[in-house]
Amino acid sequence: MQYIGRFFSFTGLFLTAMVSNGEPFAYVSNEYDDTVTVIDTFTDEVVATIKVGDRPRGIGLSPDGRKLYIALGSDNAIGVVGTVTRKIVDRLPCGTDPETFALSPDGSRLYISNEDANTATVLDTASGIVLARIPVGVEPEGVAVSPDGRWVYVTAESTHTVSVIDTRNDKVVNTILVGSRPRGATFSPNGKRAYVTAEIGGVVSVIDVERSEITGEIRLSIEGEVVKPMGVVVSPDGSRVYVSTGRANHVAIIDGASLEVLRYVAVGGRVWGLALTTDGRKLYTANGGSHNVSVIDTDRNVVIATIPTGRGPWGVVVDASREK
Amino acid sequence: MTPWIKIKGLVLGLSLFTISFASLQMSRAVGPEPEWVTIGLLLEEPSGSVLEDSRTYRGAVLGVEEANVLGGFFGWQFTLSVTHVNGATAAAVAADRLIKKEGVAALISNLGDDAFLAVRSVVQESKVVLLNCSARADSLRINSFPLAYHIEVSNRDYLLALGHFLVSEKKHHRWFLVRGDDSDGEEWEEMVRTFLSGAGGEIAGISALSIQPDGEDIGFNREELEESEASIVVVCLRGELRTAFMDSFGRPESSLPVAMVYEANADDMAWIGSGSRPVYWPSIWSHTLVRYSGRELNSRYRRRFDVLMDSDAWSNWAAVKLVAEAVINRRQANGKIISDFLGSHPPFDGHKGAALTFDLPRRQLCHTLYVLENRRLVDGDIEDESKVVSVFQLVSSDSGTKPIESR
């Protein structure tokens, strides 16, 4: 009897969890038609399309998953969408031409790249107040926050630099020369490394965070293709680094320890934004040229779904606040 | 310890702290001085013109301003030293002065073929890098002068880009060639014949023009054009002679489209009239470019100067950027070091979507050429509706030149 009771208890708990938390959603910014596509990551089907503002690119979620932030480049604002209502609930002033951003781990700060102003803006998410404008390089784009929240990296496409910002005083403490036309940046889960993609250079720079210097460079190469590294994400255990290759239409899979390229997986056209599910088992790729998202099973490294989106998908984020 | 001693100790401690703190702040505030690098800019313009209106100057200024953003992170700052010259001798003298008196690390030349040759000879002696943003003679593109690099492309490359578009895409196989009645014109005719013989086209007729002593008749025979049954007029003229031809050709209006081997401007559109007859020309930049951060560069330029970015501005911006990146990467402003860097095939980002490198046998930057089209749309008004209609990738001489896509 007691085992039957335990079985029903566990089943009840499981069902309750399923009903209350639901499946994670992936959100895709569509640059050309000013929308966000919402994808159920269990079924890999589109469940909604949200009209946001003008020229959405960078996209991110609050830690609790309740707010979706989108950089609206032509509106000079960060759009805030309530993920339950799926409607714009706020627009935060953030300087001109925001392209991408990163959230502090506690969700209280947004660090935003202002592409036409050579600055990074620091925004308080609760009040919407601009806390700082930090001069960085020319044509800033990628922004990444270290897992401990101490460092913010901002890439600058035209000066080929990464500005290292200390969040204790929001000042640039170092500038690192990286590959030509750096775009995306991300930190390893343990915060010891950062990876910066260089679109024209065709490489990924590996940065030692503590020493604040480059310690390696990964060259990507696909025969017959011009590889243009753009987006970069790291698996939760740090063992894999995934890099999108733009119009080479592949995702590079890199061993996080040896930094060797393991393989390339063909996806849709002009692949840029990348996002992993919390368990790292699925990778979503925003394919701006083919107007869809590819879903890669990271155990088998094969595409298991192709999901149509709006026009020009740019970035993608998966809700990490919900557990399967 | 008496209270008095305690007080003295406290005052001494506070004083020491204050001095130390102030010293620390001063050392932070002063910082090391940047190292300055001067880039010489040679312009072939009348000295009476306003420098700030110069397209080449504007491009170089934007290049310097952005170089200083980058340079500021690493202890370098860049500045321009501008000289107007008139003729080859003056060019050589100016180059010599810039090198010896002003210590320039590099020279950017916006001079014609002869003046560029004169400057190149001076540079060879002095080990300063020379970047060509204007001279188009193919004969200049040789490997004998390792310190000279070409950002402007040659007449032959422009013709390849334009010709491929006209023949392969627009199916204009019969060309009526309008050229000058001089050695330049003969050179153009030879290049066109060579191109067309390989492309499956032919010269249907030729008009060799010159300004006559009376200043009125340039020798254009409209009947010859009409009898040629050409499908397009290809104009290998510039300056006063081209203006005179376009004026003659346009009255009365001809039904034929026109292609120009040199950049067209608003004055050239004056003859078109009310139809939608296109004019085509090749270029190394367009203010309409959007992809590959072309939009961002065009936007920065327009915000800075309130005018549209053109090919002269782009090439000078690129020249400054190349020099600055060489200096910062190699941490030296020495001409040979800069030249070695440029020759090492660094992936230069010119906002054209590909890594641009120099083809060393020709010392030529391999970059993207565009064919632009302009249709005058409204009677009496000249509108700049130019748009990119074809994209042509200049690749190294071993592979030859080829188009990569068309729009």
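Visitor: Which residue in strand 28 of chain A stands opposite A:Val28?

Guide: A:Val316 is the residue opposite A:Val28. This is a predicted model, in which local features need pLDDT of at least 70 and side-chain atom pairs count only at pLDDT 80 or more, while totals for chains, interfaces and linings use all residues. Residues are numbered from 1 along each chain as its sequence is written, chains are lettered from A and ligands numbered from 1 in the order in which they are written, and side-chain values use heavy atoms, with hydrogens and water left out.

Visitor: How many bridges join strand 1 of chain A to strand 28 of chain A?

Guide: Strands are DSSP runs of E with at least two residues, helices are runs of H or I with at least four, and both are numbered from the N terminus. Two strands pair if DSSP finds at least two bridges between them. Here strand 1 (residues 25-30) and strand 28 of chain A run antiparallel and are joined by five bridges.

Visitor: What is the strand order in the sheet that holds this pair?

Guide: The order is 3-2-1-28 in chain A, an open sheet of four strands with antiparallel pairing. Strand 3 (45-51) and strand 28 (313-318) are its edges, each pairing on one side only. From one strand to the next the twist averages 20°; axes are lines fitted to C-alpha atoms (for helices over the stretch in contact), and angles run from 0 to 180 degrees between N-to-C directions.

Visitor: What lies between strand 26 and strand 27 of chain A in their hairpin?

Guide: Four residues separate the two strands, and in the turn A:Asn301 has a positive phi of about 55°. Strand 26 (residues 292-297) and strand 27 (residues 302-308) pair in the antiparallel sense over six bridges. A:Asp297 stands opposite A:Val302 of strand 27.

Visitor: How many salt bridges does the rule count over all chains?

Guide: The count is 40, a salt bridge being a side-chain nitrogen of Lys or Arg within 4 Å of a carboxyl oxygen of Asp or Glu. One of them joins A:Arg57 and A:Glu115, with the closest N and O atoms 3.1 Å apart. This pair links distant parts of the chain, 58 residues apart: A:Arg57 is in strand 4 (residues 56-61), and A:Glu115 is in the loop between strand 9 (109-114) and strand 10 (119-124) of chain A.

Visitor: What area do chain B and chain A bury between them?

Guide: Buried area is the accessible area (1.4 Å probe) that two parts lose on being put together, summed over both. For chain B and chain A it is about 1,800 Å², 53% of it on carbon and sulfur atoms. The contact (heavy atoms within 4.5 Å) takes 23 residues from chain B and 22 residues from chain A.

Visitor: How many salt bridges are found across the interface of chain B and chain A?

Guide: Four. In a salt bridge between the chains, the side chains of B:Arg303 and A:Asp116 meet at 3.9 Å, N to O.

Visitor: Which elements of chain B each supply at least two residues of the side that touches chain A?

Guide: Helix 2 (55-74), helix 9 (294-305), helix 10 (311-330) and strand 11 (348-349) of chain B. Helix 2 gives the largest share, five residues.
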